[in-house]
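Please read the following report alongside the sequence and the coordinates.

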Amino acid sequence: MLSGLLRCGSCGSGMATNGRDKSGRVRIRCSAATESGTCPDANTFYLDAVERAQSSAG
């Protein structure tokens, strides 16, 4: 749903899926942190939590 819309707050790069946890929840992370390590923010976020926050804000 939010593909291509999410941007990293630290570097401005796009956010991309970063696998699933043991329960199957999809994680997202800054693509620059994942691919090249150039972003200082390597945190991951749960996609379902981001989508919930977005839908309640809109």
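Apart from residues up to four places away in sequence, Ser31 touches Ser13, Gly14, Met15, Ala16 and Ser36 (contact means heavy atoms within 4.5 Å). Ser31 lies in helix α1, residues 31-35; helices (H or I, at least four residues) and strands (E, at least two) are DSSP runs, numbered from the N terminus. Ser31 counts as buried because its relative accessibility is 16%; buried means under 20% relative accessible area, exposed over 50%, and partly exposed in between, with a 1.4 Å probe and protein chains only.

The model is predicted: local features need pLDDT of at least 70, side-chain atom pairs count only at pLDDT 80 or more, and totals for chains, interfaces and linings use all residues. Residues are numbered from 1 along each chain as its sequence is written, and side-chain values use heavy atoms, with hydrogens and water left out.

**Nonpolar core**

The largest nonpolar core has seven residues: Cys8, Met15, Ile28, Cys30, Ala32, Ala33 and Cys39. Such a core is a set of buried Ala, Val, Leu, Ile, Met, Phe, Trp, Tyr and Cys residues joined through side-chain atoms within 4.5 Å. The elements that give two or more residues to this core are β2 and α1.

**Strands**

Strands β1 and β2 run antiparallel and are joined by four bridges; two strands pair if DSSP finds at least two bridges between them. Arg20 has Val26 in β2 as its bridge partner. The hairpin of β1 and β2 has five residues between the strands, and Gly24 there takes a positive phi near 95 degrees. On β2 there is also a pairing with strand β3 (residues 44-46), antiparallel and with three bridges. In this pairing Arg27 stands opposite Tyr46 in β3.

**Cysteines**

How many disulfides are there? The count comes to zero, a disulfide being a pair of cysteine sulfur atoms within 2.5 Å. Cys30 is in no disulfide, and its nearest cysteine sulfur, that of Cys11, is 3.6 Å away. For Cys39, likewise in no disulfide, the nearest cysteine sulfur belongs to Cys8, at 3.6 Å. Cys30 counts as buried because its relative accessibility is 1%. Cys39 is buried too, with a relative accessible area of 7%.

Arg25 is placed in the loop between β1 (15-20) and β2 (26-30). Leaving aside neighbours within four places in sequence, Arg25 is in contact with Gly19, Arg20, Tyr46 and Asp48. Arg25 and Ala42, by comparison, are 17 residues apart in sequence and 18 Å apart in space, C-alpha to C-alpha.

The side chains of Arg25 and Asp48 are joined by a polar contact of 3.0 Å. A polar contact is a pair of N or O atoms within 3.5 Å; within protein, one must be able to donate a hydrogen and the other to accept it, and residues adjacent in sequence count only if both atoms are side-chain atoms.

The structure holds two salt bridges, each defined by a side-chain nitrogen of Lys or Arg within 4 Å of a carboxyl oxygen of Asp or Glu.

| Salt bridge | N to O distance |
|---|---|
| Arg25 and Asp48 | 3.0 Å |
| Asp48 and Arg52 | 3.9 Å |

Arg25 lies in the loop between β1 and β2 and Asp48 in helix α2 (residues 47-57), so this pair ties together parts that are 23 residues apart in sequence. Asp48 and Arg52, in contrast, both lie in helix α2, four residues apart, which is about one turn of the helix. Arg25, Asp48 and Arg52 are linked in a network of salt bridges.

Which class of accessibility does Arg52 fall into, buried or exposed? Arg52 is exposed, with a relative accessible area of 51%. Asp48 is partly exposed at 28%, and Arg25 is partly exposed at 30%.
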